[in-house]
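The entries follow in the order I made them.

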Amino acid sequence: MIDWTFETFDSLTCADLYDILRHRQDVFVLEQKCFYPDIDGKDQVARHLIGRGAHSTFLAYMRILGPGDYYDEPALGRILVTPEARGRGLARTLMDEGHARARALYGDVPLRLNAQAYLKDFYESVGYAIVRGPYDEDGIPHYEMLKAA
């Protein structure tokens with residue numbers, strides 16, 4: 001059972017923010033050996049979706065940016081499942097939850113994301129199509145992808 005919380009930046013607790021930044025650092029910087037500015041000034045305008053398991057264990061995360069905050073469309077990003085929680089289908093559950101939250105906020109509109117190339121097939125399986133790429137972002141091949149309304 002996953003307990004989902006969906007917060008604005010201002011409603012995050014200090015502990016939530018610490019967990020978010022720690023897990024993003026662990027996955028995107030350390031695990032992937034990619035040195036990039038994760039703290040990019042967009043967290044303050046994003047909504048933050050956190051999935052926790054038993055004993056409030058941090059399992060999954062994504063941020064959702066509104067129309068105009070990154071792209072014309074709402075954008076999903078910083079999508080992660082912790083290494084300990086992988087292999088259980090949680091990434092698909094996270095995407096379903098993120099899509100539902102984005103639709104509740106912005107209606108039935110297209111959604112955009114930047115996918116690491118090795119995850120292209122996964123994102124296609126949840127309804128995204130390539131609109132640009134591959135291209136290099138911080139030393140990792142990426143595709144810009146769009147999910148139609």
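**Helix H2.** I checked the length of helix H2, residues 90-106, because its 17 residues should span 24 Å at 1.5 Å a residue. The end C-alpha atoms of H2 are 24 Å apart, which agrees. The expected span is 1.5 Å times one less than the number of residues in the helix. Helices (H or I, at least four residues) and strands (E, at least two) are DSSP runs, numbered from the N terminus. I listed the buried residues of H2 as Leu-90, Leu-94, Met-95, Glu-97, Gly-98, His-99 and Ala-102. Buried means under 20% relative accessible area, exposed over 50%, and partly exposed in between, with a 1.4 Å probe and protein chains only. After H2 comes Gly-107, with a positive phi near 85°.

**Ground rules.** I noted that this is a predicted model, in which local features need pLDDT of at least 70 and side-chain atom pairs count only at pLDDT 80 or more, while totals for chains, interfaces and linings use all residues. Residues are numbered from 1 along each chain as its sequence is written, and side-chain values use heavy atoms, with hydrogens and water left out.

**Helix H1.** H1 covers residues 14-31, 18 residues in total, and reaches 24 Å from its first C-alpha to its last. That is close to the 26 Å expected at 1.5 Å a residue. I found a kink of about 30° in H1, centred on Gln-25. The bend at a residue is the angle between axes fitted to the seven residues ending there and the seven starting there. Which residues of H1 are buried? They are Asp-16, Asp-19, Ile-20, His-23, Arg-24, Val-27, Phe-28 and Val-29. An α-helix has 3.6 residues a turn, so residues three or four places apart point the same way. The buried residues of H1 pack against strands S2 (47-52), S3 (58-65), S4 (75-81) and S5 (111-116). Lys-33 follows H1 and has a positive phi, near 50°.

**Largest pocket.** I put the space in the largest pocket at about 870 Å³. Its lining has 40 residues, and the closest to the centre are Phe-28, Arg-78, Ile-79, Asn-114 and Gln-116. On a 1 Å grid over the protein atoms alone, a pocket is an open set of points where a 1.4 Å probe fits, with protein on both sides within 12 Å along at least five of seven lines; lining residues have an atom within 4 Å of a point. Grid points are joined across faces, edges and corners, and the volume is the space filled by probe spheres set on the points. Which element gives the largest share of the lining? S4 does, with 7 residues. Elements that each supply at least two lining residues include H1, H2, helix H3 (120-125) and strand S7 (140-147). By class, the lining has 24 nonpolar, 7 polar and 9 charged residues. Ala, Val, Leu, Ile, Met, Phe, Trp, Tyr, Cys and Pro count as nonpolar, Asp, Glu, Lys and Arg as charged, and the others, Gly among them, as polar.

I then looked at Val-131, in strand S6. Val-131 counts as partly exposed, at 44% relative accessibility. Beyond four places in sequence, Val-131 touches Arg-112, Glu-144, Met-145 and Leu-146.

Tyr-128 lies in S6, residues 128-137, and is buried at 3% relative accessible area. The C-alpha of Tyr-128 is 4.3 Å from that of Lys-147, 19 residues apart along the chain. Outside four places in sequence, Tyr-128 is in contact with residues including Met-95, His-99, Tyr-123 and Lys-147. Pro-134 is also in S6, and the peptide bond to Pro-134 from Gly-133 is cis, with omega near 5°.

**Loop between S2 and S3.** His-55 is in this loop and has a positive phi of about 60° although it is not a glycine. His-55 is exposed, with a relative accessible area of 80%. Ser-56 lies in the loop between S2 and S3, and its phi is also positive, near 60°.

Notes. Contact = heavy atoms within 4.5 Å.
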